[in-house]
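I opened this structure to look up a few strands, loops and side chains. My notes follow the order in which I went through them.

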Amino acid sequence: MMPRKKLHKATLKGTIALYKKRKLPHPASSAKTYMRGYVADGYYEWKREKYMKTPHYFKRQDDEIIFFAGIYKTKQFCIVTREATLNVGDIHDRQPVIIDKKDLNHYLDLKNDGVDFLNSYKAPELKFHPVSKDVNIPINNNENLILPK
């Protein structure tokens, strides 16, 4: 269990965000940027094939919760991505940076350089499968969307 006193929780459009206030160096901006971790069970990515795109559902091979590395600035957030690993590269050329639960406090530690941490971090193994194109319809929101097609 992660220590509650070190992390803040905020809800952002149905996503739990774990964060610490951390100013990142960015010469073109005076607004503060904060490191965050976004929590999910899995995520979707689309494989492009000629004239169509097929949605796929991704989750960790070990079925653990996913902690996405992210940044937050002025009511906007972004999930940090990286070049895709070999198996994910068959579907898409990039993937989110996923941090193990045990390393989350290290990522959010104000004393560490977040960029160096992310560049050196090894991606966990992911599994994925094609899912129904119903995920493309925003009003759809049920557990059947993640079932294999």
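Ground rules. I am working from a predicted model, in which local features need pLDDT of at least 70 and side-chain atom pairs count only at pLDDT 80 or more, while totals for chains, interfaces and linings use all residues. Residues are numbered from 1 along each chain as its sequence is written, and side-chain values use heavy atoms, with hydrogens and water left out.

Entry 1, strand 6. I took helices and strands as DSSP runs numbered from the N terminus (helices H or I, at least four residues; strands E, at least two). Strand 6 covers residues 66-73. I looked up its burial, where buried means under 20% relative accessible area, exposed over 50% and partly exposed in between (1.4 Å probe, protein chains only). Of the 8 residues of strand 6, 6 are buried, so the strand is largely enclosed by the rest of the structure.

Entry 2, partners of strand 6. I counted two strands as paired if DSSP finds at least two bridges between them. Strand 3 (residues 34-40) runs antiparallel to strand 6, with 7 bridges; V39 has F67 as its bridge partner there. With strand 7 (residues 76-79), strand 6 makes 4 antiparallel bridges, and K73 stands opposite Q76. Strands 6 and 7 form a hairpin with 2 residues between them, and T74 in the turn has a positive phi of about 45°.

I found R60 in strand 5. R60 is buried, at 6% relative accessible area. Its side chain makes a polar contact of 2.9 Å with the side chain of D100. A polar contact is a pair of N or O atoms within 3.5 Å; within protein, one must be able to donate a hydrogen and the other to accept it, and residues adjacent in sequence count only if both atoms are side-chain atoms. Leaving out residues up to four places away in sequence, R60 touches several others, including I65, I98, P124 and L126; contact means heavy atoms within 4.5 Å.

Which loop holds K50? I placed K50 between strand 4 (43-49) and strand 5 (52-60). K50 is not glycine, but its phi is positive, near 50°. K50 counts as exposed, because its relative accessibility is 77%. D63 sits in the loop between strand 5 and strand 6. D63 has a positive phi near 60°, again in a residue other than glycine. At 47% relative accessible area, D63 is partly exposed.
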